[in-house]
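Good morning, everyone, and thank you for making the time.

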Amino acid sequence: MCSVGDDGLTLMECEESPVLSGNTCKKCQQENTAEVVLRKKDMYCKNCFLVNATHKFRAALGKSKIIRQGDKVLVAFSGNPSSVAMVHLINCGLSMDTHKKLIFDPFIVYVDEGASHGLSSEKRQSMLRDIHNLLKDYNIPAYSTSVDMLFNNANNERISIFPISNSMVEKCGVLEKILAEFKCPTARQDFLKRMRYKALREAAALLGCSKILTSETLVDTASNILSNISLGRGAQLPYDIGFCDSRLEGFKVLRPMQEYGSDEIEYYNQFYGLNSIKDYNSEINTKPTNSIQILTKKFVTDLQENFPSTVFTVYRTGAKLSIANEDNDLNEKCSLCQGPLDTSVIESSSLQATQFSSYVSTSGPSGINSNVTPSADTDTKINLGSNEESCGKKKCKCKSDNTLTKVEMIDSLCYGCRLILKEIGSADHLPRFVKELAGSSNKLKQMRAEIEDFLL
Ligand SMILES: [Zn+2]
Ligand SMILES: [Zn+2]
C-alpha cells in the first residue's frame with residue numbers, strides 16, 4: 001500500500017507481529033504475562049484483555065443512553081464469531097449481581113437466509129440445529145425466522161417467528177425465482193441485505209422490541225462505508241454504518257460491536273471456548289470478485305491484517321458523518337430501504353450526469369434529441385424499460401389491479417434501490433411492504449399535484 005505525504009508517494013511496509021513470549025502486559029505492566037497482541041503492537045495479559053473487551057461493549061451501549069431499564073431488545077444472531085461474542089457479552093452482563101448488571105430484556109432472533117443462498121432444506125435444517133446448540137446454554141429466549149417468508153403468499157407475505165428449539169424449514173421457492181432474475185450480484189446482495197433488515201424489524205415488532213442489536217465489527221463497518229459509497233448510497237451512509245440507525249419511527253438498530261477488530265473477537269471466543277458457525281458466504285462457492293460488497297470486504301480484511309490502523313481510520317471517518325435532518329417525514333423515504341430519498345437533485349448533479357450517460361448509452365446516437373435535456377426521472381424511466389403489460393403512464397387504466405409498474409414505482413425509490421429495481425423482472429415481484437409503501441407514496445404525490453394550484 002502507498003501513502004501520500006509531503007515527500008510524495010511512499011510505499012508503506014507491512015508491520016510484523018511481535019513475539020508474545022516474555023513480554024509485558026501494556027495495561028497492568030506485569031512481566032511475562034502477555035497472551036494477546038492487538039493491532040500488531042499492543043500486548044495484554046488475558047485478564048486485562050477480557051476486562052477491556054467487556055468494558056468496550058458496555059461503554060458502547062452506556063454512552064448512547066438509548067437502551068433504558070426494562071426495554072425489550074432483539075439481539076440479531078447469525079452464528080458468526082461476532083454475534084457469538086455479542087450474545088456471550090450480553091449473557092455475562094445479565095448474570096452480574098452488581099450495579100453493572102445489564103437491565104434490558106433480550107430476545108435472540110436468527111434469520112434463516114439459506115433460501116437466498118440456494119441451500120437445500122436439509123442444510124438449512126442442520127444450520128438451525130447448529131444455531132440451537134450454540135444458544136442452548138444461555139438463559140435468553142431464542143427464535144428463528146426466515147427471509148423467504150416476506151415473499152410467501154401462503155404466509156400473507158408476513159414474518160412469523162418460532163422458538164429455535166422446534167424451528168422447521170419451510171420451502172417456499174418464490175424468493176429463489178426472484179433472485180434468479182438478478183444479473184448483477186452486487187444488486188442482488190444489496191437487495192438481500194435490505195430484506196434481512198426488514199425480517200429483523202418485523203420479528204422485533206412481533207416480540208414487542210423497540211431496539212435491535214446487530215453485531216457488525218470494525219471490518220464490517222469499514223467495508224460497508226466503502227461499498228455504500230460505491231453503490232451510490234452515500235445519502236444513507238449515516239444510517240447504514242452509524243452506531244444507531246433510527247430511520248424507522250419506533251425502531252432503533254444499534255451496533256455495539258463496531259469497535260471490535262476481528263482479532264479481538266477471535267481472542268475473546270477462544271478464551272471463553274465459544275464456537276461459531278460459518279456464515280452463508282463461506283457455505284457457497286463465492287468468487288472474490290463476485291460483487292462490490294465481497295470485493296470490498298476482502299480488501300478491508302487484507303488491510304486489517306497488514307495495516308490495522310488504516311481500517312480504524314476508515315471507520316472513524318465514516319462515523320463522523322451525521323444525518324442533516326433526522327425529521328424527514330415518511331413521504332421522503334425510500335419504499336424499499338426506508339432511507340432518505342436522494343433523488344430530487346439540482347441541475348448538473350452527479351446523479352443527473354450518471355443518468356444522462358446511461359441514457360446516451362442505451363439510446364444510441366439516433367435516439368437522442370439534442371433539443372431535449374432529459375430530467376433525472378425521465379432518464380431512469382427510459383432506461384428501466386418495461387416488459388410489463390401496463391403502458392407505464394401515471395394515470396394508466398389498462399391494468400386490471402392496483403399494482404404499480406416499475407416505471408410508476410421508480411419515484412418512490414432512492415438511487416441505490418433503483419439499481420435493484422432495474423434487475424427485477426416485474427415490480428410485482430417485490431415484497432408486499434415495498435408495493436404498499438410505493439402505492440401510498442404515489443397516491444400522495446398525485447393528490448399534491450392535483451391541489452397544487454390551490455395551495456398558498
Ligand atoms: Zn494485564
Ligand atoms: Zn432505497
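Is Glu-249 buried or exposed? With 8 other C-beta atoms within 10 Å, and with the limit for an exposed residue set at 12 or fewer, Glu-249 is exposed. If you look for Ser-210, you will find that it lies 39 residues away from Glu-249 along the chain, while the C-alpha atoms of the two are separated by 9.6 Å.

β10 pairs with strand β11, residues 252–254, in the antiparallel sense, and two bridges connect them. As an example of the pairing, Asp-245 has Val-253 in β11 as its bridge partner. Both strands belong to an open sheet of seven strands, whose order is β8-β7-β6-β5-β9-β11-β10 and whose pairing is mixed. Which strands form the edges? They are β8, at 162–163, and β10, at 244–245, each of which pairs on one side only.

Let me turn next to a pair of helices. Helix α10 covers residues 292–306 and helix α11 covers residues 308–319, and they pack at an angle of about 125° with their axes 5 Å apart. Where they meet, α10 contributes Val-300, Leu-303 and Gln-304, and α11 contributes Pro-308, Thr-310 and Val-311. Sorted by class, this contact has four nonpolar residues, two polar ones and no charged ones.

Stepping back to the chain as a whole, we have 16 helices and 11 strands, and of the 456 residues, 37% are buried. If we take the contacts between residues at least 6 apart in sequence, 68% of them join residues that are at least 24 apart.

Finally, a word about confidence. The mean pLDDT of the chain is 82, and 84% of the residues reach 70 or more. Over residues 376–383, however, the pLDDT is below 50, although this stretch has 20 contacts in the model beyond near neighbours in sequence. Residues 385–400 also stay under 50, and there the model has 18 contacts beyond four places in sequence. Where pLDDT is low, predicted coordinates should not be read in detail.

Terms used:
Residues numbered from 1 in each chain as written. Chains lettered and ligands numbered in written order. Predicted model: local features only at pLDDT ≥ 70, side-chain atom pairs only at ≥ 80, totals over all residues. Axes fitted to C-alpha atoms, helices over the stretch in contact; angles between N-to-C directions. Helix = DSSP H or I, 4+ residues; strand = E, 2+ residues; numbered from the N terminus. Contact = placed C-beta atoms within 7 Å. Nonpolar A, V, L, I, M, F, W, Y, C, P; charged D, E, K, R; others polar. Pairing = 2+ DSSP bridges. Buried ≥ 20, exposed ≤ 12 C-beta atoms within 10 Å, placed from the backbone. pLDDT = per-residue confidence, 0-100.
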